[in-house]
Amino acid sequence: MTLFVIGKPIKHSLSPVIHNFWINKYKLGLEYNKLEVEKDLLPSLIERVRKGKITGLNITLPYKKDIISYIDEISHTAKDIGAVNTVFLKGNKVYGENTDGIGFTKALEKKKKFNFLNKSIYILGAGGASYGIISRLIEKKVQTIYVANRTKQKTTQLLSYFKSKTKYTKLKFVDWKHLVPGSDVDLVINTTSFGMKKNQIIEINTENLKDSLILVDIIYSPKETELIKLFKKKGFFCMNGLNMLVEQAAVSFKLWFNISLKNEDIEEVKRICEASY
Ligand code: NAP
């Protein structure tokens with residue numbers, strides 16, 4: 001039996017490094033591999049999960065939405081987000097979960113003891129990762145979420161979707177061409193993929209921000225995006241996406257093996273990942 005992370009492209013995925021380390025540490029006698037697949041292979045992979053030949057799957061770009069039509073049941077969270085990143089056999093059903101949002105909040109809670117209750121959060125991006133994180137932020141009862149995205153229509157779509165899910169959290173539109181977070185903002189999150197390539201610079205004004213503001217860029221490669229460099233230079237605490245990646249992986253690991261990883265397991269793997277790229 002084995003596990004896979006599937007997507008296209010997949011060669012840069014750190015998930016095998018993370019999971020194989022824990023699999024070996026806990027002597028599970030399994031192997032976790034990456035598999036670049038075309039969309040038409042998704043049904044047969046799910047069949048192998050159903051037959052117990054595959055213990056678990058992680059799904060990454062571009063199949064997090066597509067996979068839903070082939071699995072039997074998805075969690076409330078995955079339904080909310082409209083995307084699945086973890087698949088396994090639960091009873092006799094192929095089950096899908098999404099661990100991105102919880103991975104994000106855990107990372108910040110651990111690293112900065114950040115308390116999300118009643119915070120104001122400024123989010124760049126309205127893609128899959130943004131949906132995952134916002135769904136979790138609403139659960140955590142943040143006070144205000146500002147959202148900006150290059151394609152305006154996707155921002156309005158996201159806002160109307162989540163407005164129907166919460167009465168507590170205020171959701172506000174921000175124009176991508178006018179990124180000026182105010183002094184109420186506690187946390188800025190980049191959930192876009194803009195920053196993965198050299199010289200991709202998000203034009204954002206940092207003049208009005210409070211000293212305690214935190215920036216999280218969920219990109220983990222490069223380790224420091226231009227956005228992180230800008231905020232660091234201004235003296236703000238910054239975190240890249242590696243902590244989130246490892247925390248979401250730990251949640252998947254618990255779903256597959258019912259093993260709650262210790263902090264030490266998580267820190268060890270972060271160090272290994274850091275050194276691997
Ligand atoms: P996605 O659904 O494809 O969304 C991509 C987002 O990036 C959209 O908001 C898109 O805006 C924006 N974008 C793309 N090119 C842009 C450009 N040139 N200028 C401005 N905005 C641009 O992808 P996703 O799943 O949300 O993933 C987004 C990023 O998060 C990726 O870098 C991924 O690796 C990272 N991620 C990290 C973790 C982690 O654990 N650290 C987990 C999940 C994802 P438009 O709507 O205008 O196209």
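The largest nonpolar core holds 74 residues, and L57, V87, I123 and I189 have the most contacts inside it. Here a nonpolar core means a set of buried Ala, Val, Leu, Ile, Met, Phe, Trp, Tyr and Cys residues joined through C-beta atoms within 7 Å. Buried means 20 or more other C-beta atoms within 10 Å of a residue's own, exposed means 12 or fewer, and partly exposed is in between, with C-beta atoms placed from the backbone.

Before you start: this is a predicted model, where local features need pLDDT of at least 70 and side-chain atom pairs count only at pLDDT 80 or more, while totals for chains, interfaces and linings use all residues. Residues are numbered from 1 along each chain as its sequence is written.

**Exercise 1.** Work out which helix gives the largest share of this core, and where the core lies relative to the domains.

*Solution.* Start with the core of 74 residues. Its largest share, nine residues, comes from helix α8 (residues 242–257). Helices (H or I, at least four residues) and strands (E, at least two) are DSSP runs, numbered from the N terminus. Next, bring in the domains, whose bounds come from an automatic or database domain assignment. Domain 1 (2–97 + 243–276) and domain 2 (101–240) both give residues to the core, so the core lies between them. Finally, zoom in on I189: leaving out residues up to four places away in sequence, I189 touches I121, I123, L124, I133, V216 and I218. A contact here means C-beta atoms, placed from the backbone, within 7 Å.

**Exercise 2.** Describe how the two domains meet, and find which element gives the most to the domain 1 side.

*Solution.* First, the spacing: the centres of domain 1 and domain 2, taken over C-alpha atoms, are 25 Å apart. Then the contacts: 13 residues of domain 1 are in contact with 16 residues of domain 2. On the domain 1 side, α3 (76–81) and α8 are the elements that give two or more residues. Of these, α8 gives the most, with six residues. Sorted by class, that side has five nonpolar, five polar and three charged residues. For the classes, Ala, Val, Leu, Ile, Met, Phe, Trp, Tyr, Cys and Pro count as nonpolar, Asp, Glu, Lys and Arg as charged, and the others, Gly among them, as polar.

**Exercise 3.** Say what surrounds the ligand, and why its shell lies between the domains.

*Solution.* Begin with the 25 residues around the ligand, of which G127, A129, R150, T151 and G241 come nearest. A residue is near a molecule if its C-beta atom, placed from the backbone, lies within 6 Å of it. Now look at the elements: α4 (100–112), α5 (128–139) and α8 give two or more residues to this shell. By class, the shell has 10 nonpolar, 12 polar and three charged residues.

**Exercise 4.** Check the chain's overall dimensions against a compact globule.

*Solution.* Count elements: the protein chain has nine helices and 12 strands. With 277 residues, a compact globule would have a radius of gyration near 19 Å, and the chain has 19 Å, which agrees. That radius is taken over C-alpha atoms, and the globule rule is 2.2 Å times the number of residues to the power 0.38. Along the principal axes, the C-alpha atoms fill a box of roughly 55 × 40 × 35 Å. As for burial, 42% of the 277 residues count as buried. Among contacts between residues at least 6 apart in sequence, 67% join residues at least 24 apart.
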